[in-house]
Amino acid sequence: FRESAIISMSTQKSIFPKSTPTVGNCIAGQISVEMVKPKGDIPRRARLSPYVRITNGVEHSEWIQKGVFFIDHREYSGDGNERMVISGYDHIILTEADFPNSTDEWPRMDIDVVRDIASAIGTYVDTRTIQIMNNGYRINYPAEYSMREVLENIAAMYAGSFVMSDAGELLLVTM
């Protein structure tokens with residue numbers, strides 16, 4: 001959708017669950033978009049990739065991606081339901097599922113476990129995360145743990161938190 005269809009948009013991302021700095025977090029980003037209702041339907045769990053730019057009305061900067069989100073909820077408003085508000089979350093929300101079954105040899109390297117989780121939720125690991133995760137911690141098979149819990153434990157090992165980057169990749173942010 002182009003600028004003319006967007007009434008307002010906001011994204012919310014944090015590396016801390018509250019205002020107090022902590023480590024070992026895995027926090028989903030959120031988006032809310034109010035827009036003119038488009039012709040046709042927007043599919044459930046449709047992908048939203050917002051881009052922003054700076055302008056003075058004459059000159060414009062390049063467009064910069066600010067995340068990848070998936071529609072979770074929508075509401076319609078206006079006399080003829082001509083407006084809609086879309087709410088959604090990024091890939092982190094998908095880590096609430098159990099860690100996938102694995103026939104790999106365990107224990108495994110921490111970065112390999114993070115790559116497995118990224119693959120399971122349909123994304124990649126940000127290259128900055130790969131550079132940070134160089135301690136080579138060995139992870140035991142996380143039976144009965146969610147992917148989020150596994151990421152939180154790995155984040156704590158590196159004194160950091162997992163979020164999604166603006167490109168929609170799994171990113172470890174360290175203190």
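These questions and answers go through strand pairing, salt bridges, a surface patch and a pocket.

The model is predicted: local features need pLDDT of at least 70, side-chain atom pairs count only at pLDDT 80 or more, and totals for chains, interfaces and linings use all residues. Residues are numbered from 1 along each chain as its sequence is written, and side-chain values use heavy atoms, with hydrogens and water left out.

Student: In S8, which residue is the bridge partner of Glu75?

Tutor: Strands are DSSP runs of E, at least two residues, and helices are runs of H or I, at least four, numbered from the N terminus. Two strands pair if DSSP finds at least two bridges between them. S7 and S8 (residues 83-89) pair antiparallel over 7 bridges. In S8, the partner of Glu75 is Val85.

Student: Which residue of S7 is the bridge partner of Arg47?

Tutor: S4 (residues 47-48) and S7 (residues 69-77) run antiparallel, joined by 2 bridges. The partner of Arg47 in S7 is Phe70.

Student: In S11, what is the bridge partner of Asn25?

Tutor: S2 and S11 (residues 160-164) run parallel, joined by 2 bridges. The partner of Asn25 in S11 is Ser161.

Student: How many residues apart in sequence are the parts that Glu34 and Arg83 tie together?

Tutor: A salt bridge puts a side-chain nitrogen of Lys or Arg within 4 Å of a carboxyl oxygen of Asp or Glu. Glu34 and Arg83 form one, with their closest N and O atoms 3.3 Å apart. Glu34 lies in S3 (residues 30-36) and Arg83 in S8, so the parts tied together are 49 residues apart.

Student: In which helix do Asp112 and Arg115 both lie?

Tutor: Their side chains meet in a salt bridge, 3.5 Å from N to O. Asp112 is partly exposed at 25%, and Arg115 is partly exposed at 38%. They are 3 residues apart, about one turn, in helix H1 (residues 110-120).

Student: What is the relative accessible area of Val52, part of a nonpolar surface patch?

Tutor: Patch residues have over 30% relative accessible area and no salt bridge; like charges are joined within 9 Å, nonpolar side chains (Val, Leu, Ile, Met, Phe, Trp, Tyr) within 5 Å. Ile6, Met9, Val52 and Ile64 make a patch of about 280 Å². Val52 lies in S5 (residues 51-52). Val52 is partly exposed, at 35%.

Student: Which strand gives the most to the lining of the second largest pocket?

Tutor: A pocket is an open set of points on a 1 Å grid over the protein atoms alone where a 1.4 Å probe fits, with protein on both sides within 12 Å along at least five of seven lines; lining residues have an atom within 4 Å of a point. The second largest pocket holds about 210 Å³, the space filled by probe spheres set on the points, which are joined across faces, edges and corners. Its lining includes Arg44, Phe70, Asp72 and Tyr89. With 4 residues, the top contributor is S7.

How values were computed
Accessible areas come from the Shrake-Rupley method with a 1.4 Å probe; for residues, only the protein chains shown count as cover. Buried means under 20% relative accessible area, exposed over 50%, partly exposed in between (1.4 Å probe, protein chains only).
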